[in-house]
Each structure stands twice: as structure tokens, then as C-alpha cells.
Amino acid sequence: MKDDFSILVKRAVPLLYSIDTKKFPLAPITIPAETHHVNGPISQKLFAKAKTLIPGGVNSPVRAFRNVDGDPFFVRRGKGSRIEDVDGKSYIDYIGSWGPNILGHAPTIITSAIHQAAKDGVSYGIPNIYEVEMAQLITDWVPSVEKVRMVNSGTEATMSAIRLARGFTGRDKIVKFEGCYHGHVDSLLVAAGSGALTFGEPDSAGVPKSFANETITLPYNDLERLEEIFENHGHEIAAVIVESYPANAGLVFPRNGYLQAMRNLATNHGALVIFDEVMTGFRLAKGGVQELENFTPDLTAMGKVIGGGLPVGAFGGRADIMDQLAPDGPVYQAGTLSGNPLAMVAGLTQLKELNKHGAYQHLANLGDHFATGLRGVLSEKGIPHRVNQVGSMFCLYFLDEEIINVDTVSKQDFTIFKKLFWDLLEQGVYLAPSPYETGFISMAHTLDDLDDTLMRIEKAVSRW
Ligand SMILES: *Cc1c(COP(=O)(O)O)cnc(C)c1O
């Protein structure tokens, strides 16, 4: 077993460290006639081994492919819009590391910046110049953010923003929305209480009921319920936390006036609004959804694109609130690797690149092209669907009704999604392995990539 595994690692892993895409162009995509996807032998063996060493074989649950009843493949490398698995099959990728890779995989501009910076050291735990440059860029691009602190993940950003909101207001209760994901923060892993219960129930083992008691979970886009909660509990609420555009359970947009009404309710009751732009920040516009919706939150959580593929998060907002953080204020928050020079350099390089050549317009054009094409293909085949899309983010629903909140996703027949997922994987297109996830297009995707994908989708649905 051990020998078997070392041979496997020898075959698959060393290539990771010696990728030269000129010498090793990614394998061309071929469309096989058969559609029963079976992972290659190296992926299969690696996953079997991984399961003996890592819970579920993965370091984040969605990667285990449970929502599509299968096993994951192992990636060997990525370049541009493509990834290649350890068995040599390549795919057009619509996940982009779940959002961060907005320039595509391994953009030379970022890998060489990391390389260059690393020569001077990979971590110091002492203030460095890149942190100041990053803070300047964020506060320039996102006007509601007057001061910002860097952390290492989106989870840390929302967790810290909530602690800060509680410290600032002297209140304990948090309002969140069903279907909004803010990372695996204890007090946010809370589901709506059943029936008439106002306070939530733990949504994970290990979350104390007393934590869940401090979290009020409401349906998204339901203004009446929000007004009612503020009427009855307004004086106890520290903050409302909301995904700027909910995109972790389908892709949902706020109804007209909903965000502004939320803003007014919070202000009138002395509560803060924490806008979670971990996914949308720097992806949809320089100033995120708050720029698109002309919305002013008190605090903003950021992550994903801001790190250029390295582990980064950030939270920031009004200076008077941010000044409550240690060492100036009483709210403790810290991080050994926070403001890490490599992560700052990778993020800064990515953000500066996005500031060039009308990048956001280009991404929006690609997104529009793909969504229009997708609607066309599915309409032609008479398949009920909705495609929600904004800029480079899209989500396909296999039902035709208004998308109001997470309930709409749950109503779908998942077998249709699974069929499409496996057929496309076989054909060399990698969509997120769950109907709840949003897809991402990157600057490295070409119109040909998108058209190829549409052609493969058409081919898949024609077989149904
Ligand atoms: C991904 C995500 C998070 C969590 O970020 P991690 O870096 O995975 O901890 C939080 N909020 C939103 C909206 C996200 O999409």
C-alpha cells in the first residue's frame, strides 16, 4: 500500500513544482461519445488514500462532490481558464478556486510577483509596506471603508466584524438570512427556528444553543419579517449581516428597495449593517455591490479576489467603529500571518490588473454572452430554467419562477443538475459540484471557451 502510494505521488506530484506551460501545454479537450464519467486511476487512488488521512478526504466539504453523488478528481495544475487533473484530462473551469482566481489560473503577473516578493521573506510579523498599500487601495476603491484590517480568510473577516459590531453597540443579537453563507463562524451556523420561534437553532453539531439564541435568522427579501423583528427586538440587535448579493445558495438579487429599507431600519434602531462582500467584492466592480446598489454599510467583509489566490480576508468600515479594535480600542482581534507580504503582493497585483483595460466591463460582457447563450440553448430544447447572472457570476436553475430566496433552489429537481454536471465533466467542463453554487467566469475565459461550453451543454441536453 505504502509503495503503491509513493509511486503514485512520484508520478503525480513532482510535476506540481516544475510546471512550464510552454513545455507542457495543457492537453486539448476531446469530447468522448460516452457520458459516464469515471475519474482516472490516479485520482481514484489519491482519493482512497486521502479518505484514510483527512476527514472525508477533503479540507472543505463541498470538494467531496457529495451534492452530485460522486468522487472528486485531483487537480495537477491550472493555467488560464483550464485545469488539468492528475490523470491528464483537462477542463474549462467555472469555479476559479471558488472565486479568487478572477484573472484565471496561475496568471504570470501574479506568480512572478509572488516569486519576486518571496525572495525578501515570506512572513515577518512586523509591519510591512504592502499592508499600507493594500489599505490605501481598499479605502480608495470602497468609499464606505475608511479603515481596514487584514485577516486570513472570509470566515475571519465576518467573525471579527461581528465581534466588533457587538463591542461597538454593546448589544449581542445578530440578524442573518436563510441561505446566506458567511463562513463557518459559530454564531452564523444557525438555521431558522421552526414555526413561530424567533431565535435560531444550531445548524452544526458543536454550536451551543446559547450561541444560536443570539442569532435571529430570517427569510431573505421578506421586508415585513425584518420590520417585525426590529419592532420587537430592535434595541437588542447589534448588527444585520447580509451577503451583498446572496450567492452561496443560488444567486439571488434584492427586491427593489429592500436593501435601503434594511439600511433605514438598522439606522433607526442603532444597529449596524455588515455587508458580506467576500464573494462580490472586487469581482463585480471596484467598489463591489455597494457601488452597484449605491448602498452604504457600516462594516464590510472582504476576501477571495482580494488575495489573488492566497489566503486573505479583510474587514473595514466607518473609522469610529474600526477604532474600537485593539490596540486602540477594547475589541480584541489579531493574527500571526495577517498582512502577510506574499498574500498582500498577490492581492495587490491582481487588483491593479483589474484596474486596467476596462476589466469589469469585459467580465460583464463575457457573463452576458454566456447567460444569453445558456438561456438560448435551454429554451430551444424546451427545458424549464432561469439563469441569474451579474457580471462574471452566474447560476442556473432548472425551474422557471422568480428567484426570491434559497427556497427557490431547494424546489428544483436535483437529478437534472447532476446529469448535466457529470455529462459536462466527461466533456471537459467543470461546473461547481452543487446546484447551490454560483459559477465564475475569469478574464482568462475567451468567447471561444464560452461558446465551446455552450456547445457541450447543448450536446448534453440533446441526449436527455
Ligand atoms: C466564501 C465566503 C465566505 C467565507 O470565506 P472563507 O475564506 O472560505 O472563510 C464568507 N462569506 C461569503 C459571502 C463567501 O462567499
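## The largest cavity

Strand β14 makes the largest contribution to the lining of the largest cavity, giving three residues. In this predicted model, the cavity has a volume of about 150 Å³. Its lining holds 14 residues, and those closest to the centre are Phe394, Leu396, Phe417, Leu431 and Glu437. Two elements, α12 (359-380) and β14 (393-397), each provide at least two residues of this lining.

Sorted by class, the lining of the largest cavity contains 10 nonpolar, three polar and one charged residues.

## The other cavities

Across the whole structure, a search finds four cavities of 30 Å³ or more.

The lining of the second largest pocket divides into nine nonpolar, 10 polar and two charged residues.

## Helix α4 against helix α11

Two packed helices are described by the angle between their axes and by the distance between those axes. Helix α4 spans residues 129-141 and helix α11 spans residues 341-354. They pack at an angle of about 35 degrees, and their axes are 9 Å apart. The crossing of α4 and α11 is left-handed.

On the α4 side, the contact involves Tyr130, Glu131, Glu133, Met134, Leu137 and Trp141. These meet Pro341, Met344, Val345, Gly347, Leu348, Leu351 and Lys352 of α11. By class, the contact of α4 with α11 has nine nonpolar, one polar and three charged residues.

## Helix α3 against helix α11

Helix α11 also packs with helix α3 (residues 108-118). The axes of α3 and α11 come within 9 Å and cross at roughly 150 degrees. This crossing of α3 and α11 is right-handed.

From α3, the residues in contact are Ile109, Ile110, Ala113, Ile114, Ala117 and Ala118. Their partners in α11 are Leu342, Val345, Ala346, Thr349, Gln350 and Glu353. The contact of α3 with α11 consists of nine nonpolar, two polar and one charged residues.

## Helix α14 against helix α15

Helix α14 (residues 414-426) and helix α15 (residues 447-462) have axes that come within 10 Å and cross at roughly 125 degrees. The two helices are therefore oblique to each other. The crossing of α14 with α15 is right-handed.

In this contact, Leu420, Asp423 and Leu424 of α14 meet Arg456, Ile457, Ala460 and Val461 of α15. By class, the contact of α14 with α15 has five nonpolar, no polar and two charged residues.

Key: Residues numbered from 1 in each chain as written. Predicted model: local features only at pLDDT ≥ 70, side-chain atom pairs only at ≥ 80, totals over all residues. Heavy atoms only, no water. Axes fitted to C-alpha atoms, helices over the stretch in contact; angles between N-to-C directions. Helix = DSSP H or I, 4+ residues; strand = E, 2+ residues; numbered from the N terminus. Left-handed = near helix turned anticlockwise from the far one by under 90°. Contact = heavy atoms within 4.5 Å. Nonpolar A, V, L, I, M, F, W, Y, C, P; charged D, E, K, R; others polar. 1 Å grid on protein atoms, 1.4 Å probe; cavity = no way out; pocket = protein on both sides within 12 Å on 5 of 7 lines; lining within 4 Å. Points joined across faces, edges and corners; volume = space filled by probe spheres on them. Parallel < 35°, antiparallel > 145°, perpendicular 65-115°, else oblique.
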